[in-house]
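Thank you all for coming. I would like to walk through one structure with you this morning, so please have the sequence and the 3D view open as we go.

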Amino acid sequence: MKKVFCSLTLVTTMFINAQTQIIAHRGFWNTQPKTSENSIKALENAQQLKIYGAEFDVQMSKDGVLVVNHDEHHGKMEISQTDFSDLRKLKLSNGEKIPTLKDYLKQGKKDASVKLIVEIKPIDSEARENEVTEKTVALIKKMKLESQCEFISFSLNICKQIKKLAPDFKVQYLRGELSPQQIKEAGLDGLDYHYSVFEKNPTWISEAKALGLITNSWTVNDLDVYLKLKSQGLDFVTTNTPDMFNGK
Ligand code: MG
């Protein structure tokens, strides 16, 4: 009887592990009414959905403050060329101030069950990319959020730097040109590619899984695309419609 129970537990665990899990792209902002992408409110909304994680983007002001914002610009201000005090003068569309990474992580820490998917944006200077990466990793360690954070970047340099600074951190590459084998050889943990890349390379999800890599796809907003990727065993989707896919 005990043996049967253990087998059932194993099967159940395998089934749970086989589910495609949901990550809210820039938080869950696509609500009624909409709120601002990458805002604290969008992170709170994602936390309420009880999904796997909430993704957000990290940039650095001219005077070295880490902020959460997708675009290189905040209004007309180029973030990397503007001091933090000036960036704070312009509010987001929902009335919040542009969040610091520290404030964002503080909100994230309130619900340890929702992972924080940290995207560090590429910069045209490698030295500056390394500085943003070092500061981000140091802050996450200081706030003891190591096990709640995972990392993604379009910059291979940033991905490699994270692994150098914190080999245990999970890092996935976003750009899409490297095969699963190349991701493995680069020492990264997974591939988080646009869904068209998986359509063009239909063997990559199974190849990645055979190599023990994490598979993730962005930005999947169409139910049919989601279900197709799910049938191929994709681990995660990053989506603007996390409420639509949750439980499907
Ligand atoms: Mg992003």
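Let me start with Asp235, which touches Gln19, Thr20, Gln21, Lys209, Leu213, Ile214 and Thr215, leaving out residues up to four places away in sequence, where contact means heavy atoms within 4.5 Å. This is a predicted model, in which local features need pLDDT of at least 70 and side-chain atom pairs count only at pLDDT 80 or more, while totals for chains, interfaces and linings use all residues. Residues are numbered from 1 along each chain as its sequence is written, and side-chain values use heavy atoms, with hydrogens and water left out.

Asp235 sits in the loop between helix 10 (223-231) and strand 11 (236-239), helices (H or I, at least four residues) and strands (E, at least two) being DSSP runs numbered from the N terminus. Asp235 counts as buried because its relative accessibility is 18%, and buried means under 20% relative accessible area, exposed over 50%, and partly exposed in between, with a 1.4 Å probe and protein chains only.

Thr133, in helix 5, is also buried, with a relative accessible area of 0%. Setting aside its neighbours within four places in sequence, Thr133 is in contact with Ile120, Ile158, Gln161, Ile162 and Leu165.

Staying with helix 5 (residues 126-142), its axis and that of helix 4 (residues 101-109) come within 11 Å and cross at roughly 35°; axes are lines fitted to C-alpha atoms, for helices over the stretch in contact, and angles run from 0 to 180 degrees between N-to-C directions. Leu101, Lys102 and Leu105 of helix 4 make this contact with Thr136, Leu139 and Ile140 of helix 5.

The largest pocket has a volume of about 290 Å³, where a pocket is an open set of points on a 1 Å grid over the protein atoms alone, with protein on both sides within 12 Å along at least five of seven lines, and lining residues have an atom within 4 Å of a point. Of the 16 residues that line the largest pocket, Gln59, Glu72, Ser80, Pro122 and Ile123 are the closest to its centre. Strand 2 (53-60) and helix 5 each supply at least two lining residues, and the largest share, three residues, comes from strand 2.

The second largest pocket holds about 200 Å³ of space, and its lining includes Arg26, Glu37, His70, Asp71, His73 and His74.

Key. 1 Å grid on protein atoms, 1.4 Å probe; cavity = no way out; pocket = protein on both sides within 12 Å on 5 of 7 lines; lining within 4 Å. Points joined across faces, edges and corners; volume = space filled by probe spheres on them.
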